[in-house]
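Colleague: Could you walk me through how to read a few features of a model like this one?

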Amino acid sequence: MAIVKQYKKNRKIVCYITKDSKGTFKVCTGKPSDISCIAWSYDSLKDAEFTANEYFINRTTFLN
């Protein structure tokens, strides 16, 4: 899987988007080296970015 985009706050990765060989995009919480994460799968990058942006805003605003 290739990382398409990372969402960072203060040099810490909050979530990231990957794309697999089938063209599916996944939004994953945490950093890529984490053993497990919560993930959402999408067929389009636009939908994945929407979820990633929403998660990033919620995580960095309300859960500090």
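We'll go through a hairpin, aromatic pairs, a pocket and a loop.

Modeller: Before we start, this is a predicted model, so to speak plainly about thresholds: local features need pLDDT of at least 70, side-chain atom pairs count only at pLDDT 80 or more, and totals for chains, interfaces and linings use all residues. Residues are numbered from 1 along each chain as its sequence is written, and side-chain values use heavy atoms, with hydrogens and water left out.

Colleague: How many bridges join β1 to β2, and which way do they run?

Modeller: Strands here are DSSP runs of E with at least two residues, helices are runs of H or I with at least four, and both are numbered from the N terminus. Two strands pair if DSSP finds at least two bridges between them. In this model, 7 bridges join β1 to β2, and the two run antiparallel. As a landmark, alanine 2 stands opposite lysine 19 in β2.

Colleague: What about phi in the turn of that hairpin?

Modeller: Most residues other than glycine have a negative phi. The hairpin of β1 and β2 has 2 residues between the strands, and asparagine 10 takes a positive phi near 55° there. Arginine 11 has a positive phi too, about 65°, although it is not a glycine. Asparagine 10 sits in the loop between β1 (2–9) and β2 (12–19), and arginine 11 lies in the loop between β1 and β2.

Colleague: Are asparagine 10 and arginine 11 buried or exposed?

Modeller: Buried means under 20% relative accessible area, exposed over 50%, and partly exposed in between, with a 1.4 Å probe and protein chains only. Asparagine 10 has 70% relative accessibility, so it counts as exposed. Arginine 11, at 80%, counts as exposed.

Colleague: How do I read aromatic pairs, and how many are there in the whole structure?

Modeller: You describe a pair by the distance of the centres and the angle of the planes. Rings of Phe, Tyr and Trp (its six-membered ring) pair if their centres lie within 6.5 Å; planes under 30 degrees apart are stacked, over 60 edge-to-face, and the rest tilted. A search of the whole structure finds 2 aromatic pairs. The rings of tyrosine 7 and phenylalanine 56 have centres 6.0 Å apart and planes at 45°, so that pair is tilted. Because tyrosine 7 lies in strand β1 and phenylalanine 56 in helix α1, the pair ties together parts 49 residues apart in sequence. Tyrosine 7 is buried at 7%, and phenylalanine 56 is buried at 18%.

Colleague: And the pair of tryptophan 40 and tyrosine 55: what are its distance and angle?

Modeller: Their ring centres are 6.1 Å apart and the planes are at 50°, so this pair is tilted. It links distant parts of the chain, with tryptophan 40 in strand β4 (residues 39–42) and tyrosine 55 in helix α1, 15 residues apart. Tryptophan 40 is partly exposed at 31%, and tyrosine 55 is partly exposed at 24%.

Colleague: What volume does the largest pocket have, and which residues are closest to its centre?

Modeller: On a 1 Å grid over the protein atoms alone, a pocket is an open set of points where a 1.4 Å probe fits, with protein on both sides within 12 Å along at least five of seven lines; lining residues have an atom within 4 Å of a point. Points are joined across faces, edges and corners, and the volume is the space filled by probe spheres set on them. The largest pocket has a volume of about 240 Å³. Of the 12 residues that line it, Lys12, Ile13, Val14, Arg59 and Thr60 are the closest to its centre. β2 and α1 (45–62) each supply at least two residues of that lining.

Colleague: Where is isoleucine 35?

Modeller: Isoleucine 35 is in the loop between β3 (25–29) and β4, and it is exposed at 89%.
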